[in-house]
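Have the model open while you read.

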Amino acid sequence: MNKTIRHTSVFVLLLVLALLVRATWVQFHDSKALADDKLNRRNVIEQYAYPLGDIIVAGDAVTGSKRTKGGDLAYKRTYKDGPLYSAVTGYSSQVYGATQLEGIYKDVLDGTDNRLKNPLDTLTNKRADPGDVLTTIDPAVQKAAYKALGDKKGAAVAVDPKTGKILGMVSTPSYDPSKISGSTDGDAWKALTSDEDKPMVNRALRQPLPPGSTFKLVVAAAALESGLYGSVDEKTASPDPYTLPGTRTVLKNENASAPCADATIRTALRYSCNNVFAKMAVDLGQDKVKAQAEKFGFNADKLDVPVRAAKSSYPSGMDKAQTALTGIGQFDVTATPLQMALVSAAIANGGELASPHMVSKVTDADGNVLRDYGDGGSKRVMSAGTAEGLQSAMRTVVEEGTGTNAKIDGAVVGGKTGTAQHGENNSKTPYAWFTSYAKGAGGKEVAVAVIVESSDAARSEVSGNGLAAPVASAMMRAALR
């Protein structure tokens, strides 16, 4: 054979071998990555080729699927009472993807989860019928929160203290996920994402803000647990007025005539005495306050319910003046409504903090359980004695103090108000907070946290009792019905 022809043949053979190796590599190694690529439109076509499974609330589907007209996407997602449940469901969009429960359980809802397949489906690679996601949400609690928040910007969460089940989760202003579920909803998407009120942000889980005086419950728990004070009725060493250590700044109380000098924890919670809890935080030291806060869940990098909640934070490396401000829920302390609901839940549950969750079961199309979340377990965050004392003090807040708007006839209710500063030198409208628990007939219990970021109320009328407590009361009534 001619030497040139022989070299050419070997070269061509090597090229063919290289092509075969590359083809094999793509087929067996890169195929999954290519198939899962978000730019691969065949994935979207397959996802919406059939009706999706549903998200269930109290036995009823709050989602659905609708046949489309034309195009290569056969079905699109629909929502029943979309604005009411958007903080729970999230959205599933043909263009913009999926969030929250829609995103977390996408494979179950579109039928691609391997747990849905029977042996024959696995052999034939047939797509299985989609499954469903059953939530812990109580529709009465959800509706009560949504109605009570109304046009206010804010959020509310209700939790069963014993089980950790999330009974209600609302964020306002809300949005209708149906408006962005199709392939021609660009204008609606642009309007939502450019809205300065951020209706697509789940404020209940994803927007930590200064908790104000509701954080005094955490400081009180730290003081009782550390032995700084023996009970909620022991007098504290709390001068009034109180000057922040190392400064000339005098910390004022909202009610100048309140009996806050050396007040007991009960009295200090009742009147929301800043001097008591600022001094208490300094006496404890930031490390002890931080340790108690972290028992409640602050500074946790991962809290999935199963949607990932943003971190609620208690800072480190502070001077004494800054530590004093953290005692009243200011400086760099931040919390989500979920976090503050968990504080009240642990107090109501005798010091045991149940793991929060809003999904009870995941099932296949026939109702067979793929996963039962049950109750997620609990951990002790304070002694039963500390919890009992704080329950009692919180009842005083509602019965005689700053939280009277949370009263419910026939139920035991305890709570704590909060008004958190907002903006430099408190230049913007303060945040109104309320966190509480209620115990009714038949052993029913609920813990709630509400934040109102803004409303049509005058600045002078912004308070936890005036704006947030009525929302909490409506939710608690619904839960105890």
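This is a predicted model: local features need pLDDT of at least 70, side-chain atom pairs count only at pLDDT 80 or more; totals for chains, interfaces and linings use all residues.

Start with Asp364, which sits in the loop between strand E13 (359-363) and strand E14 (369-372). What does a buried Asp364 do without a salt bridge? The nearest side chain of opposite charge, Arg115, is 10 Å away, but the Asp364 side chain does reach the backbone nitrogen of Asn368 at 2.8 Å. Leaving aside residues up to four places away in sequence, Asp364 touches Leu116, Pro130, Gly131 and Leu370.

Elsewhere, charges do pair up: the structure holds 15 salt bridges. Here are some of them, with the N to O distance.

| Pair | Closest N and O atoms |
|---|---|
| Lys106 and Asp107 | 3.9 Å |
| Asp138 and Arg481 | 3.0 Å |

The Asp138 and Arg481 pair ties together parts that are 343 residues apart in sequence, because Asp138 lies in the loop between strand E7 (132-135) and helix H7 (139-149) while Arg481 lies in the segment after helix H17 (464-480). Asp138 is buried at 14% relative accessible area, whereas Arg481 is exposed at 53%.

Arg115 counts as partly exposed at 43% relative accessibility, and Asp113 counts as buried at 14%.

Finally, Asp54, Arg77 and Glu102 are linked in a network of salt bridges.

Key:
Residues are numbered from 1 along each chain as its sequence is written. Side-chain values use heavy atoms; hydrogens and water are left out. Helices (H or I, at least four residues) and strands (E, at least two) are DSSP runs, numbered from the N terminus. Buried means under 20% relative accessible area, exposed over 50%, partly exposed in between (1.4 Å probe, protein chains only). Lys and Arg count as positive and Asp and Glu as negative; His and the chain ends are not counted. A salt bridge is a side-chain nitrogen of Lys or Arg within 4 Å of a carboxyl oxygen of Asp or Glu. A polar contact is a pair of N or O atoms within 3.5 Å; within protein, one must be able to donate a hydrogen and the other to accept it, and residues adjacent in sequence count only if both atoms are side-chain atoms. Contact means heavy atoms within 4.5 Å.
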